[in-house]
Amino acid sequence: MKTNPGALDGGQTAFHVSEAARATALVAILIALTNVAALLFDPRDRAHPEVFALDTAHGLLAAVVAVWFSRRRPRTLVGCELACAAVTLPFLLGLWLPAMYDLEAGHLSEPLMPHHFVLLGIAIGAPTRRLGIVLVVLFTAHASALARVFVAAGAGESVTREPWMTLLLAVLAVLMLHTRSRRRELEQRVAAAEQRARMLGDVARMLLSLRDRANTPLQTIEIAVALLESEGATPETIAVMQRALARLAVVQQALSKSSAELASVAGDNLSPVGLEQALRELLRHDAGTAQS
């Protein structure tokens, strides 16, 4: 019996989407909490209505995405990527406006530190490596542009370690994204291997049970053919029955030759009732896979 590669690939894709959905939901929750903290404790939100409105809208958007993902998960990786991008991209404006107000007020202190935290957050929570790399490049360019604005405004002393610090964190973020992606791929392979092992075990147990249930009927048929031959049955009838018996014997021998391997895979044999139940479950599983 052959396994269904499409079903296994579908299981791996579902696993990947589920992991990406959880990561997106976590990112949305963290962003919502970050904006709530900014509204409560950041004086720039109270001093500037634009910053207050932006952080409020950003927090509400992140909360909506978090609630949506907790109640209804998407079916594709693209849906997860779009949702994560939707809650992350507002930081482009949310980081720029406060920095401009600090520049006007003349009290800049580590103005690109929020960019560094965003880069680390992307490395930890991005649902896919593809989206993570795009966001890292985008926010690195954003930090570089903001640093140039500071230098042009005569506040270059506040960004003396740039762009090297941001570039270093960007490289670390990409490495973390790659490591997370590799780990996710290994988890997918392990899950697929476990699924294959369970399927092989079920098939092996059914084959062993079929072999055991075929032993006694086969011996009974052999005795019946011998009795019919001794009682003078027609040669044509005896020949037909012997050919059928030979075919059954070949199947039985094939099962017997691989019995050790089957037993090592299957473990305990199935009872007749368990065999019938396993066959029904296997048929239902195949029917459900075909429909999906």
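# Helices, pocket and cysteines in a predicted model

Helices (H or I, at least four residues) and strands (E, at least two) are DSSP runs, numbered from the N terminus. This is a predicted model, in which local features need pLDDT of at least 70 and side-chain atom pairs count only at pLDDT 80 or more, while totals for chains, interfaces and linings use all residues. Residues are numbered from 1 along each chain as its sequence is written, and side-chain values use heavy atoms, with hydrogens and water left out.

**Helices H3 and H7**

- In H3, the buried residues are Val51, Leu54, Asp55, His58, Gly59, Ala62, Val65, Ala66 and Phe69, where buried means under 20% relative accessible area, exposed over 50%, and partly exposed in between (1.4 Å probe, protein chains only).
- Helix H7 (residues 129-152) has 24 residues and reaches 35 Å from its first C-alpha to its last, close to the 34 Å expected at 1.5 Å a residue.
- The buried positions of H7 are Leu131, Gly132, Leu135, Val136, Phe139, Thr140, His142, Ala143, Leu146, Ala147 and Phe150.

**Backbone after H7**

- Most residues other than glycine have a negative phi, and most peptide bonds are trans.
- H7 is followed by Gly154, whose phi is positive, near 85°.
- The peptide bond from Glu162 to Pro163 is cis, with omega near 5°, and Pro163 is found in the loop between H7 and helix H8 (164-230).

- His58 has its place in helix H3 and counts as buried because its relative accessibility is 4%.
- Leaving aside neighbours within four places in sequence, His58 is in contact (heavy atoms within 4.5 Å) with Ile31, Asn35, Val87, Pro90 and Phe91.
- Ile31 is found in helix H1 and, at 6% relative accessibility, counts as buried too.
- With neighbours within four places in sequence again left aside, Ile31 is in contact with His58, Ala62, Val87, Thr88 and Phe91.
- Ile31 and Thr88 are 57 residues apart along the chain, yet their C-alpha atoms are separated by 7.9 Å.

**The largest pocket**

- The largest pocket has a volume of about 840 Å³; on a 1 Å grid over the protein atoms alone, a pocket is an open set of points where a 1.4 Å probe fits, with protein on both sides within 12 Å along at least five of seven lines, and lining residues have an atom within 4 Å of a point.
- Grid points are joined across faces, edges and corners, and the volume is the space filled by probe spheres set on the points.
- The lining of the largest pocket consists of 39 residues, of which Thr34, Phe91, Leu95, Pro114 and Val118 lie nearest its centre.
- Helices H1 (5-41), H2 (43-47), H3 (49-71), H4 (77-88), H5 (91-105) and H6 (113-125) each supply at least two residues of this lining, and the largest share, nine residues, comes from H6.
- The lining divides into 23 nonpolar, 10 polar and six charged residues, with Ala, Val, Leu, Ile, Met, Phe, Trp, Tyr, Cys and Pro counted as nonpolar, Asp, Glu, Lys and Arg as charged, and the others, Gly among them, as polar.

**Cysteines**

- The structure holds zero disulfides, a disulfide being a pair of cysteine sulfur atoms within 2.5 Å.
- The sulfur of Cys80 is 9.0 Å from the closest cysteine sulfur, in Cys84, and is therefore too far for a bond.
- Cys80, at 0% relative accessibility, counts as buried, and Cys84, at 2% relative accessibility, counts as buried as well.

Key: Expected span 1.5 Å × (residues − 1).
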